[in-house]
Amino acid sequence: MDAPRVPQAYPSALAASDCIVGTIRFDVASGKLDWSEELYLIHGYSRGEIVPTLDLFLSHKHPDDRTRSRETLTQVSSAGGSFFTYDRLIDARLREHRILTTGEGVLDDCGRPSHIDAFVVDLTRTLQRESELFARAAVAAANASRSTIEQAKGILMGALHIGSEEAFKLLVSNSQHCNVKLARTAADLVDLANNSKDSAVLDGFIQALHRGPVRHRSRVIGTNRHHGRRPQRSM
């Protein structure tokens, strides 16, 4: 039997420093399964610790993915052709991995199943890193939005002489009525306060918020409006 073909192009393209890529060859006639060193590592073993078999390989699949993996290998073993799977693997230490497997069932000159060559990419670390980056970005965005909302509340509090809670209610009410995210409404108000050269534009925006769909008005707002006090622009 020929030595296992080691994919060259894919590992260089997919295997970043935090990926592990290994190869598999399964001989259909003998049932022999050969793993590269990386496959032992992915499964939590050292070479010589176990004898890789198809049953062992499938036993490490997540229970919800095992049947589909078995059906794919059975089909490729009998009919040949290429395959691609993405599933979960539970290693010897009960750690879950996210695995991409792609390969080909090879037929001999008589059209009979010969062997399966495949490579396996462990994407676990890559996905964890991406999740961490996403989480950090989400936290940073949330903090930025919170800061902007606080600034917007301060502008309304100073211009309308209202409390923090009432200012927040005005922002929320406008956001819901206009179907615009709260952070966007707050950012628009802050941008106007920071960049508008015409105070009337800012005052108009604040009055639009004030006259919005909120039916409830605090006594402070009612008192200010009753005495005709003109809203003051926040500096």
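Helix H2 (37–43), strand E4 (96–107) and helix H5 (124–160) each give at least two residues to the lining of the largest pocket. H5 supplies the largest share, 3 residues. Helices (H or I, at least four residues) and strands (E, at least two) are DSSP runs, numbered from the N terminus. The model is predicted: local features need pLDDT of at least 70, side-chain atom pairs count only at pLDDT 80 or more, and totals for chains, interfaces and linings use all residues. Residues are numbered from 1 along each chain as its sequence is written, and side-chain values use heavy atoms, with hydrogens and water left out.

## Pocket and cavity

The largest pocket holds about 290 Å³ of space. Its lining has 15 residues, and Leu41, Arg95, His97, Asp122 and Arg125 lie nearest the centre.

The structure also holds 1 cavity of 30 Å³ or more. The elements giving two or more residues to the lining of the largest cavity are strand E1 (20–27), strand E2 (33–35), helix H3 (54–59), helix H4 (63–79), strand E3 (81–90) and strand E5 (113–122). About 160 Å³ of space lies in this cavity. Of its 16 lining residues, Ile24, Phe57, Leu73, Phe83 and Thr101 lie nearest the centre.

Both terms rest on a 1 Å grid over the protein atoms alone. A cavity is a set of points where a 1.4 Å probe fits but cannot get out. A pocket is an open set with protein on both sides within 12 Å along at least five of seven lines. Lining residues have an atom within 4 Å of a point. Grid points are joined across faces, edges and corners, and a volume is the space filled by probe spheres set on the points.

The table gives the lining by class.

## Nonpolar cores

The largest nonpolar core has 20 residues, and Ile24, Trp35 and Phe57 touch the most other members. E1, E2, H2, H3, H4, E3 and E5 each give two or more residues to this core. Another core lies apart from it, with 17 residues, among them Ile155, Ala167, Val190 and Leu202. A nonpolar core is a set of buried Ala, Val, Leu, Ile, Met, Phe, Trp, Tyr and Cys residues joined through side-chain atoms within 4.5 Å. Buried means under 20% relative accessible area, exposed over 50%, and partly exposed in between (1.4 Å probe, protein chains only). In soluble globular proteins, nonpolar side chains tend to be buried together.

Ile24 is also among the residues nearest the cavity centre. Not counting residues up to four places away in sequence, Ile24 touches Leu33, Asp34, Trp35, Leu39, Phe57, Ile116, Asp117, Ala118 and Val120. Contact means heavy atoms within 4.5 Å.

## Chain overview

The protein chain has 9 helices and 5 strands. Along the sequence the pattern is α-β-β-α-α-α-β-β-β-α-α-α-α-α. Buried residues make up 38% of its 235 residues. Among contacts with a separation of 6 or more, 49% join residues 24 or more positions apart.

## Single residues

Asp108 is found in the loop between E4 and E5. Asp108 is partly exposed because its relative accessible area is 28%. Asp108 and Gly80 are 28 residues apart in sequence, and 9.9 Å apart in space, C-alpha to C-alpha.

Two residues have a positive phi without being glycine. His161 has a phi of about 55°. His161 sits in the loop between H5 and H6, and counts as partly exposed at 33% relative accessibility. Phi of Asn179 is near 55°. Asn179 lies in the loop between H6 and helix H7 (182–195). At a relative accessible area of 73%, Asn179 is exposed.

Ser175 belongs to helix H6 (residues 164–178). Ser175 has 10% relative accessibility, so Ser175 counts as buried. Leaving aside neighbours within four places in sequence, Ser175 is in contact with Val180, Lys181, Leu182 and Thr185.

The structure holds 0 disulfides (pairs of cysteine sulfur atoms within 2.5 Å). Cys110 counts as exposed at 60% relative accessibility. Cys178 counts as partly exposed at 41%.
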